[in-house]
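Visitor: Hi! I'm new to this, so please go slowly and show me the model.

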Amino acid sequence: MSGSPAWVDLYWLPLGAGGRFVRRNGRAYEWWVSRREHRPALDLYHCALVVHADATTYAVEMGPVWNVPAGERGVVCEGPVGARWLGRFRAFRYEVRCWPDGTIPDLAEAVESPVRTTDDPSQVAAVLRVLREVPPLIWGRDELGAGEMWNSNSMVAWVLARSGHVMETLTPPANGRLPGWSAGLALAARQS
C-alpha cells in the first residue's frame with residue numbers, strides 16, 4: 001500500500017432501516033427471542049464497513065444479489081439464503097460486496113457511527129485481503145453450530161477478527177444487539 005491515508009470504519013445500521021417489512025419482522029423476531037431468553041427486547045443492528053486504501057473508498061456489505069442494479073459492485077462472495085438448494089434461485093442468494101466507490105443504502109441512518117477500527121495501512125490491507133476469503137455459508141442458518149445464524153454481522157465480525165482487530169472493543173450501540181456477530185467470531189477463532 002502507498003503512503004496515502006488508510007482506514008476502516010464500522011457502521012451500526014438499524015435492522016430494517018429504510019423499510020417496514022424487515023423492520024417489523026426483526027422486531028417480531030427479537031420479541032420472540034427476548035421472551036425465550038427472559039430478557040428485555042433490544043434494538044437490532046446489522047453492520048457494514050467503509051474501507052479506504054490507495055485513494056479508493058470501498059463500501060463493504062452483505063446483501064441480496066437482486067437489490068443493487070449496478071453491474072460492477074465488487075462482489076467477492078455469493079451464498080445461499082435459507083437452504084443450500086434455494087441458492088439456485090436468484091431471489092435466495094446473497095452477495096458480499098467490496099465495492100470501489102460504491103454506496104451502502106441507509107448509511108445516513110447509522111447509529112453511533114462511524115467507528116474507526118483502524119488506520120494502520122497493513123491492517124487495512126489485511127481487511128481487503130480477508131474479504132476475498134469470506135466463506136459462502138448459508139445466510140440465516142447455524143451451519144457452524146455456534147448458536148447463532150450466519151448473516152451480515154457474522155461476515156463483518158469474521159473479517160475484522162481475521163484481520164487482527166481487537167474485537168472486545170467493538171460493541172453495538174447502547175440497548176442494541178448484533179444477531180450473528182458471535183458466529184463470525186466463533187469461525188475466526190476456529191481458523192486461528
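**A first look around**

Guide: Let's start with Asp106, which is partly exposed because its relative accessible area is 32% (under 20% is buried, over 50% is exposed and partly exposed lies in between, with a 1.4 Å probe and protein chains only). By the way, this is a predicted model: local features need pLDDT of at least 70 and side-chain atom pairs pLDDT 80 or more, while totals for chains, interfaces and linings use all residues. Residues are numbered from 1 along each chain as its sequence is written, and side-chain values use heavy atoms, leaving out hydrogens and water.

Visitor: OK! Where is the place of Asp106?

Guide: Look in the loop between strand 5 (93-100) and strand 6. Helices (H or I, at least four residues) and strands (E, at least two) are DSSP runs, numbered from the N terminus.

Visitor: And what is the phi of Asp106?

Guide: Near 70°, which is positive even though Asp106 is a residue other than glycine. Most residues other than glycine have a negative phi.

Visitor: Which phi does His38 have?

Guide: His38 isn't a glycine, and its phi is positive at about 55°. You'll find His38 in the loop between helix 1 (20-36) and strand 2.

Visitor: Is His38 buried or exposed?

Guide: Exposed, because His38 has a relative accessible area of 72%.

Visitor: Switching topic: what is the peptide bond from Ser113 to Pro114 like?

Guide: That bond is cis, with omega near 0°. Most peptide bonds are trans. Pro114 sits in strand 6 (residues 111-118).

Visitor: Now the arginines. Is Arg177 buried or exposed?

Guide: Buried, because the relative accessible area of Arg177 is 14%. Arg177 belongs to strand 7 (residues 176-177). Leaving aside residues up to four places away in sequence, Arg177 touches a list that includes Tyr29, Glu30, Arg39, Asp43 and Glu148. Contact here means heavy atoms within 4.5 Å.

Visitor: How about Arg141, where is its place?

Guide: Arg141 lies in the loop between helix 2 (121-131) and helix 3 (152-162). Arg141 counts as partly exposed because its relative accessible area is 43%. Not counting residues up to four places away in sequence, Arg141 touches Gly82, Ala83, Glu148, Met149 and Trp150.

Visitor: How many Å apart in space are Arg141 and Ala161?

Guide: 21 Å, going C-alpha to C-alpha, with the two 20 residues apart in sequence.

Visitor: How many residues of helix 3 are buried?

Guide: 9 of its 11, which makes helix 3 mostly covered. Among them are Ser152, Met155, Trp158 and Leu160. Just after helix 3 comes Gly164, with a positive phi of about 85°.

Visitor: At what angle do the axes of helix 2 and helix 3 cross?

Guide: Roughly 130°, and these axes come within 8 Å. Axes are lines fitted to C-alpha atoms, for helices over the stretch in contact, with angles from 0 to 180 degrees between N-to-C directions. Val127, Val130 and Leu131 of helix 2 make the contact with Met155, Trp158, Val159 and Arg162 of helix 3.

Visitor: Last one: which residues in helix 4 are buried?

Guide: In helix 4 (residues 181-191), these are Trp181, Ala183, Gly184, Leu187 and Ala188. What covers the buried residues of helix 4 includes strand 1 (7-14), strand 2 (43-53) and helix 3.
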